[in-house]
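Colleague: Could you take me through how a strand pairing and the helices around it are read from a model?

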Amino acid sequence: MRSGHVALVKRIETLAKGKKKLRLMEVCGTHTVAIFRSGIRQVLPENVELVSGPGCPVCVTNDDYIDKAIEYTREGFIVATFGDMLKVPGSRSSLAEAQAEGGDVRIVYSPLDCVRLAKENPRAKVIFLAVGFETTAPTAAATVLAAKAQGIRNLFMLSAQKLVPPALRFLLKDTSVKVDGFLLPGHVAVVIGADAFKFLADEFKIPSAVGGFEAEEILIALVSLLKQIDSGRVEVTNDYCSVVKAEGNVAAQKILAQVYEVADVSWRGMGMIPASGLRMRDEFAAFDIERVEPVAIERADKKTACHCGEVLRGLINPIECPLFGKACQPLHAIGPCMVSVEGVCAAWFKYGGNNFTW
Ligand code: SF4
């Protein structure tokens, strides 16, 4: 740990001294992994606990979405997706299993790759699994605009794009969720702006800080949270101002608003959250596979002991799930939080949590 980091940790210790147990939620999965990788958890004072939130897009995608994607492979579509969706369990199986059974599942690194894929396969229908938050949604919107401009008619989106602020509002209205401050996702704030989170301070009086992803940036944001708690002066600080503006990326917001409208959507583990997702506007309905060729799925109503819902709301840590490290491990995951590289259970497994044993 560098001397600058040591000074920041000492500042956190001083500010936290004598306080009750403080639960600070890092909202996004990238922060969760960065915190583990840098060893920040181990150097914080005992009364400062970091809990993970619902900011891993793969983890909050419902199993019936996976079921639909699998059904489209059975109907002969090419399904294009980011790699971490492959092993996410649906209600019956996963895209990896569908691929093993002969389904045409392609890994892409950007939704824009799908424009090329659709052109190279003019007789096929290509579906991109548009899963993500405000960070990736503008690129999906730009892909739809590019396809429309180029007259491409065989590219579609299966949309499960979600918005972070409504999920935080939902968490704060849940009385079982105990959070003393939010470390806010820097890359979401790049798009929507730090001001989009002002309601956390204004309405809910929750200390909040937008943070970057390097160890020093995370520690600076944690100092901001502790200072707010210490002084009682609650606000949303922008501690990632090298890239985050108060108003965000206005050009990206315009592209998003051109293609999408806000909709009520369901989150895995949390259920329906009002105005927490994106739906393509009617003028782009020709690119929305669920409106062009909807599929019927028969959802298996299986009961598992997976506790992803509680993990994603910060109610429990992964090691409190009875399956953690036993029946559920990255190579044979039961829930999505163990599959995604940004999943909190996968991070606890890989980095050893708080030096736990099992
Ligand atoms: S350890 Fe596995 S089963 Fe338990 S909550 Fe995490 S993903 Fe679900």
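Colleague: Which residue is the bridge partner of Leu 129 in E6?

Modeller: Two strands pair if DSSP finds at least two bridges between them, where helices (H or I, at least four residues) and strands (E, at least two) are DSSP runs, numbered from the N terminus. Here the partner of Leu 129 in E6 is Leu 158, and strand E5 (residues 126–132) pairs with E6 in the parallel sense over 7 bridges. This is a predicted model, in which local features need pLDDT of at least 70 and side-chain atom pairs count only at pLDDT 80 or more, while totals for chains, interfaces and linings use all residues. Residues are numbered from 1 along each chain as its sequence is written.

Colleague: Across which strands does helix H7 lie, and how is its direction expressed?

Modeller: Axes are lines fitted to C-alpha atoms, for helices over the stretch in contact (C-beta atoms, placed from the backbone, within 7 Å), and angles run from 0 to 180 degrees between N-to-C directions. Helix H7 (residues 137–149) lies across E5 and E6, and runs at about 160° to E6.

Colleague: Why is helix H2 described as largely enclosed?

Modeller: A residue is buried if 20 or more other C-beta atoms, placed from the backbone, lie within 10 Å of its own, exposed if 12 or fewer, and partly exposed in between. In helix H2 (residues 29–38), 7 of the 10 residues are buried, so the rest of the structure largely encloses this helix. The buried residues of H2 are Gly 29, His 31, Thr 32, Val 33, Ala 34, Ile 35 and Phe 36.

Colleague: What follows H2?

Modeller: Gly 39 follows H2, with a positive phi near 75°.

Terms used. Contact = placed C-beta atoms within 7 Å.
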